[in-house]
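Dear colleague,

I am passing on the structure we talked about, and below it you will find my notes on what turned up in it. Please read them alongside the coordinates.

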Amino acid sequence: MAKHVEYETVGSDYLEQRQLKRGAAGWVLLAGLGVSYVISGDFAGWNFGLEQGGWGGLLVATVLMGAMYTCMVFGLAELASALPVAGGGYGFARRALGPLGGFATGVAILIEYAMAPAAIAVFIGGYVETLGLFGLTNSWPVYLVCFAVFIGVHLYGVGEALRLMFVITGVAVVALVVFVIGMVPAFDPDKLFDVVGGDGGFLPFGVAGALGALVYAIWFFLGVEGVPVAAEEARDPKRDMPRGIIGAMLVLLVFAGAILVLAPGGAGSEALKASDNPLPAAARAAYGEGSVLAQVVNYVGLAGLVASFFSLIFAYSRQLFALSRAGYLPRWLSRTGRRKTPYLALAVPGVIGFALAAITRDGAQLINIAVFGAALSYVLMMVSHIVLRVREPELERPYRTPGGVVTTGVALVLAVAAVVATFFVDELAAGITAGIVVVALAYFWFYSRHHLVASAPEEEFAAIARAEQELKD
């Protein structure tokens with residue numbers, strides 16, 4: 001495929017106008033970023049899997065998705081240390097699968113990161129309405145404030161944004177810890193299996209129910225794969241990237257296990273299966289309507305939604321920046337300002353996200369589109385890891401995946417299952433995502449493949465690999 005693309009020569013000032021701030025994040029901030037991406041999924045979304053598969057089905061699904069993400073994170077830790085570029089998954093796939101594979105991966109990731117903030121804005125608006133704050137009966141002003149304020153913070157500077165993100169995430173983590181400790185006395189194993197309907201038992205809706213629950217089990221981990229997009233802003237990406245993303249994954253596994261057991265175990269699965277705010281609902285079911293635990297989790301839980309919203313803005317801007325800088329998408333989107341932030345890559349998807357939130361007001365539909373894009377990117381990234389291990393065994397790898405291609409092979413099989421499950425759970429979301437990918441690939445085929453930028457870091461990595469292979473041949 002590389003033979004079918006054309007590169008344009010750009011001036012020396014091209015990359016000077018597209019520079020990110022180096023050394024802004026160490027591994028602790030990167031781990032915080034990984035948790036921040038995901039933490040809203042601990043507060044809401046996962047519980048809909050109880051309706052699909054009962055508690056047993058959701059447990060099976062969570063174990064499978066936990067295994068998929070853990071294996072994938074080990075693979076991404078290796079790729080991020082070997083190819084530390086802002087393109088993240090796009091950069092990895094570009095090296096392994098060529099320009100078309102790299103662009104397809106980048107588009108799938110961009111769908112995930114651009115759709116998820118719109119969905120979370122809807123959830124934040126619903127949260128604000130439920131709490132009766134500001135007397136709002138329509139949430140569009142909340143969506144507008146969210147996008148405007150947090151894009152503004154990102155425009156101010158990446159270091160400041162990551163530190164504020166870390167603080168907000170810390171508040172949300174405290175809320176989760178308080179909830180977990182508070183629910184321990186109320187735990188009753190019989191409550192786990194009280195979902196009405198089905199055949200009863202551990203898997204009341206059978207294997208099909210467990211497969212349907214995969215989509216919702218993903219919410220416990222969705223987004224952690226975004227840590228590598230901060231590679232060009234890390235202090236020492238070869239060392240910090242693996243530590244950051246693996247550290248984040250360990251925290252997420254602990255929270256997923258604790259919440260999956262203690263929330264339904266304290267309140268009953270039936271009470272939570274359709275709740276928009278399952279943690280406060282669990283506390284109220286366990287301790288009464290006016291319980292202090294429910295009030296604390298209800299208000300502080302808003303920090304979890306804000307943390308994920310805030311961090312996903314960072315993720316979509318860096319993915320869009322990298323694709324634009326290399327010429328796959330319009331180049332003007334990758335310009336950076338005086339503070340080394342990609343202001344157009346921050347603003348343009350923000351405007352689109354606000355419009356989607358205000359027009360649809362359907363957070364579940366938007367998040368399902370994001371999940372489908374994510375699952376598709378997982379398949380392509382794991383294929384990339386396997387291809388690079390086989391084709392480039394001598395590539396410098398400061399961190400190596402335990403188990404090698406066996407580990408990422410497990411992640412690949414489970415990612416394919418997640419893609420299939422997402423299609424069956426929400427055909428419309430899958431169709432919308434597929435449509436966006438097809439339009440993007442058409443743009444690549446008819447225009448951008450003729451106008452790529454050879455000096456972009458992701459393209460340089462691929463060019464060096466190609467030259468080395470030619471020398472060997």
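Tryptophan 219 has a relative accessibility of 7% and therefore counts as buried, the limit being under 20%; please bear in mind that the model is a predicted one. Because phenylalanine 123 belongs to helix H5 while tryptophan 219 lies in the loop between helix H8 (206-217) and helix H9 (237-267), the pair ties together parts that are 96 residues apart in sequence.

Aromatic pairs number 18 in the structure. One of them is formed by tyrosine 37 and tyrosine 113, which are stacked at 6.3 Å centre to centre with 10° between the planes. This pair links distant parts of the chain, since tyrosine 37 is in helix H2 (residues 27-38) and tyrosine 113 in helix H5 (residues 89-131), 76 residues apart. Both tyrosine 37 and tyrosine 113 are buried. Elsewhere, ring pairs join Trp46, Tyr69, Phe220, Phe221 and Tyr378 into a cluster.

Two arginines also deserve a note. The charged end of arginine 449 is placed over the ring of tryptophan 445, at 3.8 Å from the ring centre. Arginine 389, which lies in helix H15 (residues 363-391), counts as buried at 16% relative accessibility. Beyond its neighbours within four places in sequence, arginine 389 has contacts with Glu78, Arg397, Arg400, Thr401, Gly404 and Val405.

Note on methods: Residues are numbered from 1 along each chain as its sequence is written. This is a predicted model: local features need pLDDT of at least 70, side-chain atom pairs count only at pLDDT 80 or more; totals for chains, interfaces and linings use all residues. Side-chain values use heavy atoms; hydrogens and water are left out. Helices (H or I, at least four residues) and strands (E, at least two) are DSSP runs, numbered from the N terminus. Buried means under 20% relative accessible area, exposed over 50%, partly exposed in between (1.4 Å probe, protein chains only). Contact means heavy atoms within 4.5 Å. Rings of Phe, Tyr and Trp (its six-membered ring) pair if their centres lie within 6.5 Å; planes under 30 degrees apart count as stacked, over 60 as edge-to-face and the rest as tilted. A charge sits over a ring if NZ of Lys or CZ of Arg is within 6 Å of the ring centre and within 35 degrees of the ring normal.
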